[in-house]
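Please open the model in your viewer and keep the sequence panel beside it.

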Amino acid sequence: MIRLNLNGAIREVEAEPDTPLLWVIREQAGLTGTKYGCGIAQCGACTVHIDGAAVRSCSMPVSSLTPDQKIVTIEGLSKDRSHPVQKAWAELDVPQCGFCQSGMIMASAALLAQNPHPSEAEIRTEITNICRCGTYNRVLAGIKLAADGGQAG
Amino acid sequence: MTISTSKSPSRRAFVAGAVAAAGGLSLGFHVPFVGDAAAQGAAPALTPEVNAWVVIKPDETVVIRIARSEMGQGTLTGLAQLVAEELGCDWSKVTTEYPTPGQNVARGRVWGDFGTGGSRGIRESQDYVRKGGAAARIMLVEAAAQGWGVAPDACRVEKGVISHAASGRTTTFGAVAMAAARITPPKDIVLKDPKDWTIAGKPVKRLDTVEKTDGSQIYGIDLTMPGLLNAAIRDCPVFGGTVKSFDAKAVEGMPGVRKVVAVGDSGVAVIADTFWRAKTAVEALPIVWDDGPNGKVSSESIAAMLREGLDAEDAYVGNKGGDVGAALKGAAKVVEATYGVPFQNHATMEPMNATVRWTPERCEAWAPTQNGEAALAAVAEAAGLSAAKCDVYKLLLGGGFGRRGATHDWLRQAVLIAREMPGTPIKLIWTREEDMTHGRYHPITQCRMRAGLDADGNVTGLHMRISGQSILVSVAPNRMVDGKDPVVFQGLNPGGAEAAIGYAIPNILVDHAMRNPHVPPGFWRGVNMNPNAIYLECFMDELAQAAGQDPLAFRLKLMEKHPKHRAVLQAVADKAGWGTEPPAGIHRGLAQMMGFGSYVAAVAEVSVGDDGTVKVHRIVAATDPGHALNPQQIDAQIAGSFVYGLSAALYQECTVKDGRIEQTNFDTYPVMRLDAMPVVETIVMPSGGFWGGVGEPTIAVAAPAVLNAISAATGKRVRQMPVKNTDLRRV
């Protein structure tokens with residue numbers, strides 16, 4: 001039995017120790033907003049927060065986590081889609097197919113938590129998630145909009 | 001009966017229990033599940049449709065039925081805009097749902113074609129979906145007028161409210177929907193003039209955005225239902241190979257494993273309680289492959305096969321005018337160059353997957369498909385049942401790009417697996433590695449360009465010999481014409497409304513020596529317009545250079561008879577400042593093309609560092625799609641298509657060794673990321689009178705515009721894709 005602090009609640013899950021956190025989140029906890037895209041920490045679709053930092057959960061064995069480490073998934077980012085990044089995403093119609101966007105939003109939220117007003121160059125360097133639909137320019141605009149407190153312009 | 005693609009709280013629906021438990025989040029995507037009355041085709045009570053396209057609920061919610069598949073391209077919103085425009089409803093009350101392909105068959109294909117590819121979703125259904133919306137409006141008005149005892153002509157409609165000015169009476173769509181459903185549908189329907197549009201043609205927001213911002217959108221890979229098991233598969237890594245043997249006992253005792261099953265003659269799957277356990281076991285499973293006849297094929301042997309085609313006597317002719325042989329013989333100067341593009345994988349973010357429940361009496365599939373009807377046919381065939389005993393429930397796709405429409409190999413596998421455990425729903429998910437090595441790849445081609453110039457630098461003749469793979473010959477042989485694959489000539493056709501060449505060249509020959517390697521091809525966003533634009537538009541720059549002329553002026557001279565091609569090219573040149581000095585270190589290139597019924601052009605601004613690093617700074621792109629249904633989504637499609645096209649042109653190739661694809665994941669198949677993304681400025685310039693596609697056309701001009709800019713920057717001409725294989729360092 002593995003104990004995890006997931007979206008503010010302690011959860012006990014049954015999984016082999018080497019199971020990646022991603023699959024525990026998706027299959028044991030049933031939170032499917034966090035996506036599988038590559039399994040080798042390349043694409044970022046599986047991004048979650050661990051103690052506020054963006055982490056690619058597909059490559060993190062669940063046994064490496066302790067119950068005092070706070071895991072937040074897209075479902076726990078806010079109530080009612082109220083996080084500034086989520087609001088900016090809706091305002092700018094960022095997603096296309098949307099499959100990568102949970103990871104994109106979590107990576108963006110973590111960036112803004114650590115650097116509330118990143119430069120464009122910093123955003124381009126820090127956000128390394130893959131989007132095959134090619135939403136990057138709206139991702140960039142969305143992060144800027146969220147950083148500006150949701151004021152369009 | 002139908003799958004709601006957005007909120008539909010009044011319907012019985014399956015909710016991913018753990019998600020709801022996690023924080024009381026409401027879910028936006030409802031899918032019928034095993035045993036659900038809805039899944040058995042029963043109509044929901046109290047919400048009769050006005051017609052096949054429109055359901056109006058008593059609370060004024062307008063449900064618009066969408067036949068085509070949403071995969072990010074925005075067709076769901078666009079088609080809803082068209083219906084809503086003619087219906088005259090309140091856009092804020094609009095929601096959508098997918099009818100199933102089984103229902104379409106049962107109702108005489110009332111929703112038409114479900115196929116979503118070739119940028120056809122809107123342009124080929126706009127007429128009948130608008131008529132569907134208009135017919136519903138006429139019936140709603142008729143119902144209200146009958147109730148009031150007035151003439152329908154005296155009533156008007158605005159935002160779902162019907163009013164009769166003379167008597168001052170008003171009612172709503174919701175109030176008369178039940179009565180309207182009993183009205184005889186009108187025969188003669190006059191559609192609105194696009195200049196009067198208030199919903200269509202406007203940059204309205206997508207209907208499917210918010211569920212994609214909180215993780216609540218359920219994709220095929222996320223689906224679960226009571227009793228569901230998961231499957232992971234390994235198919236023979238050599239196309240055409242088979243399974244010689246496998247040792248199921250080696251993994252049967254692993255955690256969660258329920259069954260190890262052969263899938264056809266080329267694959268083996270493990271069924272387990274979770275996907276991770278199924279994947280772990282299938283990767284541990286000892287399998288002996290029989291590579292079959294293709295085990296020695298390599299990229300080198302395929303390249304040699306294509307090179308032979310460049311000089312072959314026999315070739316299918318796609319465009320012929322004048323006498324190109326005589327023109328080349330009499331030319332003052334002959335210019336020749338050979339280009340090539342590799343195999344490309346679609347690499348949708350969501351790997352292939354499908355959930356299937358099979359019994360001897362019925363087979364149901366939950367699938368992210370670009371073509372619901374083709375999916376139904378694939379399910380029925382693999383299930384050994386008639387189509388009437390099967391159905392497919394579509395889910396929003398985590399990317400399609402052509403991979404999920406023409407071939408349903410992944411769905412067929414899922415059915416075969418489900419047949420091994422009758423009654424149990426089983427979800428098959430491909431690993432990224434399986435996805436990368438079992439694609440339906442962008443066809444590989446080479447092209448020899450040969451042109452003659454007269455003493456004044458005018459093009460007197462052009463021979464374009466394409467050698468390589470046909471998509472249709474294996475994917476849609478019924479569309480071959482006398483042995484020829486017409487899709488090979490996209491953008492190079494002598495005329496027509498789909499994909500005509502924009503240059504008037506007095507002597508021209510475009511022909512195709514078909515050479516089909518064993519790697520299976522597929523439609524890949526932009527299809528053959530992509531390589532053809534590279535071949536034609538890079539070579540036009542080579543010719544301009546040989547003639548000592550400006551690439552824009554050189555092209556415009558040949559475009560007098562093609563005003564629409566010319567207009568988009570001129571528009572990007574003007575906006576990008578063609579002819580003015582670019583910023584220090586920046587070089588420009590341009591390209592134009594027509595495909596999927598639309599005219600597109602781009603100017604790229606590029607720098608190349610001393611170390612050979614290519615940086616694309618800015619692309620100005622124009623499109624004339626005839627009508628622009630949602631300009632902000634066209635903007636999104638153009639910018640997005642460039643990521644897809646430039647990722648391929650700059651970095652991506654699928655190479656072959658020992659009959660297998662060598663690239664297995666994003667570490668060896670790189671994708672453009674935010675750090676490399678250029679500024680994209682779009683010019684949407686609909687000229688009216690026709691409907692062109694949006695999702696694909698622009699992708700084609702990004703690569704040649706960038707390649708022409710690289711040549712301007714370095715003096716080196718990259719002719720074999722991807723660019724990364726050419727040394728661009730300054731020496």
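Predicted model: local features only at pLDDT ≥ 70, side-chain atom pairs only at ≥ 80, totals over all residues.

Residues are numbered from 1 along each chain as its sequence is written, and chains are lettered from A and ligands numbered from 1 in the order in which they are written.

**Confidence**

Two residues are in contact if their C-beta atoms, placed from the backbone, lie within 7 Å. For the complex, the predictor gives an ipTM of 0.97 and a pTM of 0.94.

**Where the chains meet**

Select the contact between the chains, to which chain A gives 51 residues and chain B gives 54 residues. Helices (H or I, at least four residues) and strands (E, at least two) are DSSP runs, numbered from the N terminus. On the side of chain A that touches chain B, helix 5 of chain A supplies the largest share, five residues. That side divides into 22 nonpolar, 21 polar and eight charged residues. Here Ala, Val, Leu, Ile, Met, Phe, Trp, Tyr, Cys and Pro count as nonpolar, Asp, Glu, Lys and Arg as charged, and the others, Gly among them, as polar.

**A loop and a helix of chain B**

Go to B:Ser167, in the loop between strand 7 (161-164) and strand 8 of chain B. Is B:Ser167 buried or exposed? It counts as exposed, with 12 C-beta neighbours inside 10 Å. A residue is buried if 20 or more other C-beta atoms lie within 10 Å of its own, exposed if 12 or fewer, and partly exposed in between. Beyond its neighbours within four places in sequence, B:Ser167 is in contact with B:Trp148 and B:Val150.

Now select helix 5 (residues 173-180) of chain B, whose buried residues are B:Phe173, B:Val176, B:Ala177 and B:Ala180. Viewed down the axis of helix 5 of chain B, these buried residues fall within an arc of 135 degrees (taken from the directions from the helix axis to the C-beta atoms), so they line one face of the helix. They pack against strand 2 (49-51), strand 3 (54-56), helix 4 (126-148) and strand 8 (169-172) of chain B.

**A hairpin**

Select strand 11 (residues 257-263) of chain B; five of its seven residues are buried, so the strand is largely enclosed by the rest of the structure. Strand 11 pairs with strand 12 (residues 267-272) of chain B in the antiparallel sense over six bridges; strands pair if DSSP finds at least two bridges between them. B:Lys259 stands opposite B:Ile271 in strand 12 of chain B. Three residues separate the two strands of this hairpin, and B:Gly264 in the turn has a positive phi of about 60 degrees.

**An open sheet**

Finally, display the four strands of chain B that form an open sheet of mixed pairing, in the order 23-24-25-28. Strand 23 (587-595) and strand 28 (679-684) of chain B stand at the edges, each with a single partner strand, so one side of each has no neighbour in the sheet. Within this sheet, ten bridges join strand 24 (residues 598-608) of chain B to the antiparallel strand 25 (residues 614-624) of chain B. Across that pairing, B:Ala604 has B:Ile619 in strand 25 of chain B as its bridge partner.
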